[in-house]
Amino acid sequence: MAHPLSESAGSIMVKNVPVTKESATVAQVLHLLSKDNWDDIHSVVVISDHGFLLGIVPIHSLLISTKEKLIKHIMKKVPFSVHPSLDQEQVVIQAIHNDVQFVPVVDNENRFLGAVTADQIIDILHDEHLEDLLHTSGIHGDIEHMSDLVKARVQSLVLIRFPWLVVGLVIAFLASFFISQFETFLNHNVAIAFFISMVAYMSGAINTQSQLIFIRALTVMRFNIASYLVREFFIGVIIGGSIGLIAGIGAYLLSKDFLVALTVGTALLISMGISTLIACVVPLVLRAWGKDPAIGSGPFATAIQDLVSITIYFTVSLLILGGL
């Protein structure tokens, strides 16, 4: 997926950082640091005569070294560097993985161009978190700061928030149509109707939990997705079984019908287990389509989950209560 130039490493890097040669002494570098108001002085960049990146010297290494010592003797290897076209979120991910606060930016020949500093990394984390948070609510558009939402025109806000809600509404109508096909069944099993919202809510709740964790993991980690899905499904089954047992007891106390209680408990077990898979599969499908995976945790995924959980509930009801 292509990333806007404004969200690349080259667009956020700072260029006014201290740079020196490996033949310089600690005293010379300390003098260099005092001569300018640097954008960042977390580290001093060491380059060759032709501008190639050789390493970095953390400021604390300078302060504990003798003034006569050469930079090449205290220089540290750069854990990694990035190309200016790399997406800013990928820069942050690599910085977190390597536990660094200073990311050199180099060209194709490893010439030093600038650096992404701790300030930029924190700002990017904030912006990406805000973007994911808005996407989980189905809000999409060019929103970079919360102030953009507060100050935006009414027309703009409506256009940003409306589309995915319409998609959710369409799927909700499908769920309503599906329920209407069981009118006769519900007339003979009124107690089943009492627990429709509970099954839908609990399935949606565990879906939201799984999705938030999965999307963030998908963004900042590398892991075996197949193993993760199996693990998440078992978590859903365990939680669904526990919730189903509690709900089944409650359903029995309300309805005085063991089969209704069994229906509610079984439906929650199955629905909550499958919900955890839907929570992961929807973002994966969206990513395969070149979309932001965070979009999958908005009203679109919520509506899909409602449709699936209601389908499961009525299928289980028909099987247990003799409708099939």
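## Strand pairing

Two strands pair if DSSP finds at least two bridges between them. Strands (E, at least two residues) and helices (H or I, at least four) are DSSP runs, numbered from the N terminus. The model is predicted: local features need pLDDT of at least 70, side-chain atom pairs count only at pLDDT 80 or more, and totals for chains, interfaces and linings use all residues. Residues are numbered from 1 along each chain as its sequence is written, and side-chain values use heavy atoms, without hydrogens and water.

## The sheet

Three strands make an open sheet in the order β1-β2-β3. Its pairing is mixed. The edges are β1 (19-21) and β3 (53-58). Each has a single partner strand, so one side of each lacks a neighbour in the sheet. From one strand to the next, the twist averages 35 degrees (axes are lines fitted to C-alpha atoms; angles run from 0 to 180 degrees between N-to-C directions).

Five bridges join β2 (residues 43-47) to β3 in the antiparallel sense. Val57 in β3 lies opposite Val44.

## The nonpolar patch

Leu245, Ile249, Tyr252, Leu253, Phe258, Leu259 and Leu262 form a nonpolar surface patch. Together they have about 710 Å² of accessible area (Shrake-Rupley method, 1.4 Å probe; for residues, only the protein chains shown count as cover). Patch residues have over 30% relative accessible area and no salt bridge, and nonpolar side chains (Val, Leu, Ile, Met, Phe, Trp, Tyr) are joined within 5 Å. A salt bridge puts a side-chain nitrogen of Lys or Arg within 4 Å of a carboxyl oxygen of Asp or Glu.

Two or more residues come from each of α12 (225-255) and α13 (258-288). The largest share, four residues, is from α12. Leu259 sits in helix α13. Leu259 counts as partly exposed because its relative accessibility is 37% (buried is under 20%, exposed over 50%, partly exposed in between; 1.4 Å probe, protein chains only).

Terms used
Patches are made of residues with over 30% relative accessible area and no salt bridge: like charges are joined within 9 Å, nonpolar side chains (Val, Leu, Ile, Met, Phe, Trp, Tyr) within 5 Å.
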